[in-house]
Amino acid sequence: MQNTNPLKVLKYCPKCGSSQFKVSGERSLKCESCGFHFFINSAAAVAALVCDGNGKLMLVTRGVEPNYGKLDLPGGFIDPGETAENAVRRELSEELGLKIKSLEYVGSAPNEYIFSEYTVFTLDMAFKVIPESIIGLKPMDDILDYKFYSEEEINYDDIPAPSIKKFVKDYFNNERNS
Ligand SMILES: [Zn+2]
């Protein structure tokens, strides 16, 4: 398995192009030519727990790598300058044409997202979403399909991202105890 950690992948300074771009500590690289110091931080992302009103939860089928064809929660990366709440609204609109009635922050979990043979460390933030309507939704953008599941209908092995698996499990645990 290839090492996709940014500390191994990045070989040249992205600012001046020097090859003297060296690992500096556990999560940064520093250019010995121009002094540019690059930090490996977490990218912020959102995941939506969309309920159907009858105890079922929406999962979507991914239409993009990584994990093409596997189950996920709707969501995605937060754009620079955007709030997490707005990212939830935007992603649900882009992926499903879904409008939100209300949303509530649930919690966060870290994840590692490998794209272009490069690990992006993410912090996934989960929001519980009450939709205005679940009629007439259409899978678009980077998802192939969507469906509402009871917990019995979910095989957790089909959800590859550990953060997403945790959000789904916690959701059903909380529903049971409420
Ligand atoms: Zn440089």
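Colleague: How many strands form the open sheet, and in what order?
Modeller: This is a predicted model. In it, 4 strands form the open sheet, ordered β7-β4-β9-β8. The pairing is mixed.

Colleague: Which strands stand at the edges?
Modeller: β7 (75-77) and β8 (100-115) do. Each has a single partner strand, so one side of each has no neighbour in the sheet.

Colleague: What does the twist average from one strand to the next?
Modeller: The average is 20°.

Colleague: And β4 with β9: parallel or antiparallel?
Modeller: Parallel. Strand β4 (residues 43-50) pairs with strand β9 (residues 118-131) over 8 bridges.

Colleague: Which residue in β9 is the bridge partner of A47?
Modeller: That is A126.

Colleague: Which helix packs on the sheet?
Modeller: Helix α3, residues 162-177. Helix α3 touches β4, β8 and β9. Its direction makes about 145° with that of β8.

Colleague: New topic. What coordinates the zinc ion?
Modeller: The SG atoms of C13, C16, C31 and C34, at 2.3 to 2.4 Å.

Colleague: What spacing do those donors follow along the chain?
Modeller: The spacing is C-x2-C-x14-C-x2-C.

Colleague: Why is the arrangement called tetrahedral?
Modeller: Because the 4 donor atoms subtend angles of 106 to 112° around the zinc ion. The cut-off for tetrahedral is that all angles lie between 85 and 135 degrees. The ideal angle for four tetrahedral donors is 109.5 degrees.

Colleague: Is C13 buried or exposed?
Modeller: C13 is buried, because its relative accessible area is 4% and buried means under 20%.

Colleague: What does C16 count as?
Modeller: C16 counts as partly exposed, at 41% relative accessibility.

Methods
Residues are numbered from 1 along each chain as its sequence is written. This is a predicted model: local features need pLDDT of at least 70, side-chain atom pairs count only at pLDDT 80 or more; totals for chains, interfaces and linings use all residues. Side-chain values use heavy atoms; hydrogens and water are left out. Two strands pair if DSSP finds at least two bridges between them. Helices (H or I, at least four residues) and strands (E, at least two) are DSSP runs, numbered from the N terminus. Axes are lines fitted to C-alpha atoms, for helices over the stretch in contact, and angles run from 0 to 180 degrees between N-to-C directions. Contact means heavy atoms within 4.5 Å. Donors are N, O and S atoms within 2.8 Å of the metal (3.2 Å for Na, K and Ca); water is not among the atoms, so sites may look incomplete. Four donors count as tetrahedral if all angles lie between 85 and 135 degrees; four count as square planar and six as octahedral if opposite donors are over 155 degrees apart and all others between 65 and 115; anything else is irregular. Buried means under 20% relative accessible area, exposed over 50%, partly exposed in between (1.4 Å probe, protein chains only).
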